[in-house]
Amino acid sequence: MTTAAAPPRVPEAIHRRRWAILGTLLLALLVVVLDNSILNVAMKTIATPAPVGLGATQSDLEWSINSYTLVFAGLLFTSGLLGDRFGRKRALLAGMAVFGIASLLSALAASPGELIGYRALMGVGGALAMPATLAIIMNVFERSEQPKAIGIWAGAVGLAIAIGPITGGLLIEHFWWGSVFLVNVPIVVVAVIAMVILVPESKDPNPGRMDPVGVLLSIVGLVALIYGIIKGGELADFTVAEAWAPTLVGVVALAAFVWFERRTPFPALDVTWFRDKVFSASVVVVGVIFFALMGVSFFGVFYIQSVRGYSALQAGMLMLPMAAAQLLFAPRARLVVDRLGVAATAAGGMLLVALGFVGYAVLTATSPIWVLIVLGLVMGAGMAHVMPPVTVAIMASLPREKAGAGSAVNNTFRQVGGSLGVAVLGAVLSTTYRDGMADTLTHLPEGLRDKAGESLEATLAIADRLPGGQALITPAKDSFIHAMHVVASLSVGVSVIGAAVAWFLLPRRSAAPAGPGGQVPEQRGQEREAAAADA
């Protein structure tokens, strides 16, 4: 039987402007991802009393981050479904508009409470926009070019994470704290104008009936789970009711979600997708790598600034090699996949990440700073060979009409994995540090011991105020480096587990960007129909 080549799926007018569309989508990605990393630099200023800052307490600062994370993670899945149903361009534009307005309001916040509320609103905008970016890519690029486009998309995520601290440091040096939010507004305006002109609309032509019960269970489950994880990480204790109770509620709600989705005729999420080994393994690898990488974000900045004495801006510059490696290698990861296959490429990338953590596990207070640059390049190269192939595998496992839901699942696993990493690895870092300082802190007044044992920063702050406090500095740095080694070693183990999952469960062959077997559902159906006609 001879079959004609499948005709292009993307209209010629859209195909001609596909790279301009991608550039527009990257603006949305940049502003949403950059916002989280840029805020960290402004925390100290926001904590300063008015008129310089808002006089935010430590709890206020934590919730200015957590309010965004909770809303963002809780709505990611739902917003992907809404994009599939009502239009991904509409979801993208609505998300960017909400994000821009909330950014302006955050910049003008007059109290910590207002800032927390506006940050939550930014989470709504981010959740609407993020899944739509990847879903639109799947609908404006032919399958042969999707791996390259997704590679650029993944590289841009790494770039945004890295340039956030640099941008924030520059803004804080020259302007007031609100500038870290205000900078989003002109980017959003340019992006929205370009999206209206360039981005085509796409949606699922047969979405079926709404599933309000499934949507509600997914939101309750994800929000409760993430809240419990965050709380356990803050308290460095997951056994207290404040941590395990919401976590349990989240797990029960998500279990009820799966049970309900398997029985309803019009599920919000077709849970049978997870029977596909490639799909399931890919989302697990996404969660695992972001879990492990949160270790670097947690201890890397403190090691560079508090132990080595570099400024926030310099610390941001030292994160650039990781981003540069991602930006360089991610669009080219498809070439490695073509030669070695998905399993070998992703597993090799995970092992490179593990190798980077091995480097962190042996760093000392006097290691040459070029070692950090090399470690960043190694880990960035590893990430670049994990995220594009597994993202392509996730998206190619599903019909194009479900691109929004697929993107939402990908982003949800990434967010949950990252939140778990922050909570678990952060708790390990804090506990190990506190235990290492226990004997040293017995010499402090009783009222200062608990405070000084919270973190390296807290110890150094108290050492500056106390007579003879300089004697605390060397033990504090030594204890922190030991805690960093413990966390890095755990991250090595987690990364190796991710490599094993990728090696044993992802396709060994070079995977075509078209789902299992190198064919898309539509193409397989067309071939079956042709075979039946010939018979």
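These legends accompany close-up views of a predicted model of one protein chain.

**Figure 1. Overview of the helical chain.**
The predicted model holds 22 helices and zero strands. The chain has 535 residues, and 53% of them count as buried. Its accessible surface comes to about 22100 Å². Carbon and sulfur atoms hold 67% of that surface. Among contacts with a separation of 6 or more, 82% join residues 24 or more positions apart.

**Figure 2. Confidence along the chain and at its two ends.**
The average pLDDT of the chain is 80. A score of at least 70 is reached by 88% of the residues. Over residues 1-5 the pLDDT is below 50. Beyond near neighbours in sequence, that stretch has three contacts in the model. Residues 511-535 also stay under 50 in pLDDT. For residues 511-535 the model has 30 contacts beyond four places in sequence.

His15 belongs to helix 1, which spans residues 12-16. Apart from neighbours within four places in sequence, His15 contacts Val10, Glu142 and Glu145. Phe141 is 126 residues from His15 in sequence. In space, the C-alpha atoms of His15 and Phe141 are 6.8 Å apart. Glu145, one of the contacts of His15, returns in the next view.

**Figure 3. Salt bridge between Arg18 and Glu145.**
The chain has three salt bridges by the rule used here. In this view, the side chains of Arg18 and Glu145 meet at 2.6 Å, N to O. The pair links distant parts of the chain, 127 residues apart. Arg18 is in helix 2, residues 18-47. Glu145 sits in the loop between helix 5 (112-140) and helix 6 (146-174). Arg18 has a relative accessibility of 14%, so Arg18 counts as buried. The cut-off for that class is under 20%.

Side chains of opposite charge can pair when their charged atoms come close. Arg88 and Asp84 form a salt bridge of 2.7 Å, N to O. Arg88 and Asp84 are both buried. Glu201 and Arg90 form another salt bridge, at 3.5 Å, N to O. Arg90 is in helix 4, while Glu201 lies in the loop between helix 8 (184-198) and helix 9 (212-235), so this pair ties together parts that are 111 residues apart in sequence. Glu201 counts as partly exposed because its relative accessibility is 34%.

**Figure 4. Nonpolar surface patch around Leu104.**
Five residues make up this nonpolar patch on the surface: Leu104, Leu108, Phe175, Trp176 and Leu182. Together they have about 490 Å² of accessible area. Leu104 is part of helix 4, residues 88-107. With 36% relative accessibility, Leu104 counts as partly exposed.

**Figure 5. Edge-to-face pair of Phe77 and Phe257.**
The chain has seven aromatic pairs by the rule used here. The ring centres of Phe77 and Phe257 are 5.8 Å apart and the planes stand at 80°, so this pair is edge-to-face. Phe77 and Phe257 are both buried.

A pair of aromatic rings is described by the distance of the centres and the angle of the planes. Phe274 counts as partly exposed because its relative accessibility is 30%. Phe279 has 0% relative accessibility, so Phe279 counts as buried. Ring pairs join Trp273, Phe274, Phe279 and Phe413 into a cluster.

Met437 is located in helix 18, which covers residues 403-441. Its relative accessible area is 0%, so Met437 is buried. Not counting residues up to four places away in sequence, Met437 touches Thr459, Leu472, Pro475, Ala476 and Ser479. Lys477 is 40 residues from Met437 along the chain. The C-alpha atoms of Met437 and Lys477 are separated by 9.9 Å.

Technical notes
Residues numbered from 1 in each chain as written. Heavy atoms only, no water. Helix = DSSP H or I, 4+ residues; strand = E, 2+ residues; numbered from the N terminus. Buried < 20%, exposed > 50% of the residue type's maximum accessible area, 1.4 Å probe, protein only. Contact = heavy atoms within 4.5 Å. Areas by Shrake-Rupley, 256 points an atom, 1.4 Å probe, with all protein chains shown as cover. Patch = residues over 30% accessible without salt bridge, like charges linked within 9 Å, V, L, I, M, F, W, Y side chains within 5 Å. Salt bridge = Lys/Arg side-chain N within 4 Å of Asp/Glu carboxyl O. Phe/Tyr/Trp six-rings, centres within 6.5 Å; stacked < 30°, edge-to-face > 60°. pLDDT = per-residue confidence, 0-100.
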